[in-house]
Amino acid sequence: MLFTEKKIGHIVLRNRSIRSAAFEGMCANNRVSEELISYHTAVAAGGIGMTTVAYASVSRSGLSFPHQLLITREEIPALRRLTSAIHHEGAAAAIQIGHCGLMAKRSISGACLAPTGGFNLYGPTWPRTITVYEIGAIIRDFTHAVNIIHEAGFDAIEVHAGHGYLISQFLSEYINKRRDHYGGSFENRSRFLVEVIRAVKEAAGSSMAVIVKMNLRDGFRGGMELDESVMVAKLLEREGVDGLVLSGGFVSKAPMYVMRGNMPVKVMAKYMKNPFMSLGTRFFGNFLMKPEPFREGYFLEDALKVSAAVRMPLIYVGGLKSKEMIGEVLDKGFDFVQIARALIHDPGFINKLKTGEIVKSGCQTSNYCIARMYSGQMVCFQNDPDGRKSMQGFTNKKEGL
Ligand SMILES: Cc1cc2nc3c(=O)[nH]c(=O)nc-3n(C[C@H](O)[C@H](O)[C@H](O)COP(=O)(O)O)c2cc1C
C-alpha cells in the first residue's frame with residue numbers, strides 16, 4: 001500500500017510516505033541555504049511522496065536557534081527554488097511552521113515568551129508570561145507566514161502543535177497556569193490552537209493542505225495524556241484540518257519521548273560553542289535527557305486510540321525503519337506514514353524499499369543526528385567521517401549503540 005497514490009486536502013501524493021519535519025540545522029542566519037535545497041531535493045529524488053521543511057518560525061520571538069529558518073518575504077525567491085526543485089523530482093513540498101515559546105534563545109529572538117512565565121532548565125531560559133496582545137500578534141504572524149508560503153509554491157503546511165512548543169505549552173496544564181480565557185479549562189487551553197488553525201486555514205485557502213502535528217502524550221507526569229489528545233483530535237477534525245500527525249514528547253520536560261533511545265550527550269557537548277553549556281551537558285545531559293526505550297512503531301498503540309475516535313486522515317510517525325512495520329501501520333488504517341531518521345541516514349530509503357534493494361533502514365537510532373543538530377547540521381554518524389570518529393569511543397549501551 002505504501003506505493004499507492006493518496007489525496008491529502010486537495011493535493012495528491014504519489015505514495016503514502018512523508019519526510020517528517022526534522023530540524024535540518026541548515027539555515028545559517030535564519031535564511032534558506034543551498035544545503036537545505038540539496039537535502040530536500042535528494043529526499044524527493046529518493047522517492048518520497050512529500051518532504052517537509054522543518055521547524056520554521058513565524059516570528060522572530062519564536063526562534064530557538066541561529067541556524068533555524070525564519071519566514072520572511074525576503075526568503076520567497078529561495079523558497080521558490082526549493083519547492084521547484086522538490087516538484088521537479090515528483091514529490092510534494094510541505095513546511096512545518098510554529099513558535100517555540102519558552103525555548104526561545106533571547107540573543108536571537110529578542111524575547112522569550114510562554115503561557116506562564118518561570119524558569120526553564122532546558123533552555124536554560126526565563127520566559128515571561130505572554131500578553132493577550134502578543135498572542136494576537138503571533139496569530140497575525142501565522143497568517144503572514146502562510147501568505148509567504150503560498151507565494152513560495154508549497155503544497156502543504158504543517159502547524160507544529162506538539163513537542164512542548166508554544167501551542168503545546170498552551171495545551172499543557174502543567175505549563176499553562178493562566179487565569180484568563182487562555183488557561184484553566186480544556187476549552188480555554190485549546191483556544192490559542194483553534195485561533196491559530198482558523199487563521200492558517202483562512203490564509204491557506206483550498207490550494208494548500210493544512211496538517212497539524214500534535215501530541216498523543218506529553219511524556220511526563222502532569223502533562224497532557226491520551227484522554228485530552230483525543231479531545232484535541234476531535235476539535236481539529238471539526239475545524240476541517242486535512243491531516244493529523246500523531247506524535248508525543250515535550251522538549252523542556254521529556255525530550256527523548258519524541259524519538260526514544262539515548263542521547264549521545266558527549267557528542268552534543270563536544271560541538272557546543274558555549275563552554276559552560278558544554279560542561280553542563282556533559283555532566284547533567286543524561287539526567288535531563290533521560291533515555292526512553294526504543295522499539296519500532298513505538299506510538300502505534302496510542303495512535304490507534306485516536307484513530308478509533310476520529311474519521312479524518314491520520315499520519316503515523318515514530319520509529320519506522322522497515323518495510324514490514326510501514327506495511328503494518330498502513331494496514332491498520334493510517335493514511336500516510338512520516339519518517340525522519342531513516343531518511344537522515346539515507347534520503348533514498350523509499351526508492352530502495354520500492355526496488356527491493358533493502359527491506360530495512362541501516363539507521364541504528366543512535367540519535368547522533370539530534371546531538372549534532374543543536375549546534376550544526378543534522379547528519380547521520382555513519383555518513384560523517386567526524387561522526388564515526390566521535391562515536392567510536394561511545395559504542396556502548398549507555399550511548400545507545
Ligand atoms: C534530527 C532530528 C530533528 C528533529 N526535529 C524536529 C522538528 O523540527 N520538528 C518536529 O516536529 N519533529 C522533529 N523531530 C522529530 C521527528 O520529526 C519524528 O517525529 C521523530 O524523529 C520520530 O520519527 P523517526 O523514528 O522516523 O525518526 C526531529 C527528529 C530528529 C531525528
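1. A word to start with: two strands pair if DSSP finds at least two bridges between them. Keep that in mind as you look at this predicted model. Ile315 stands opposite Phe336 in β12. Those residues belong to a pairing in which strand β11 (residues 314-317) and β12 run parallel, joined by three bridges.

2. How does the chain get from β11 to β12? It passes through helix α13 (residues 323-331), and this β-α-β crossover is right-handed.

3. Now follow the side chains of β12 (residues 336-339). Phe336 and Gln338 point one way, Val337 and Ile339 point the other way, and all are buried. In a regular strand the side chains alternate between the two faces of the sheet.

4. Next, please turn to the ligand. Which residues are closest to the ligand? They are Ala22, Phe23, Tyr55, Ala340 and Arg341, from a total of 25 residues that surround the ligand.

5. At least two residues each come from β4 (50-57), α9 (256-259), α14 (341-345) and α16 (368-373). Which helix gives the most to the shell? That is α16, with three residues.

Technical notes:
Residues numbered from 1 in each chain as written. Predicted model: local features only at pLDDT ≥ 70, side-chain atom pairs only at ≥ 80, totals over all residues. Near = placed C-beta within 6 Å. Helix = DSSP H or I, 4+ residues; strand = E, 2+ residues; numbered from the N terminus. Buried ≥ 20, exposed ≤ 12 C-beta atoms within 10 Å, placed from the backbone. Right-handed = clockwise from strand over helix to strand, strands pointing away.
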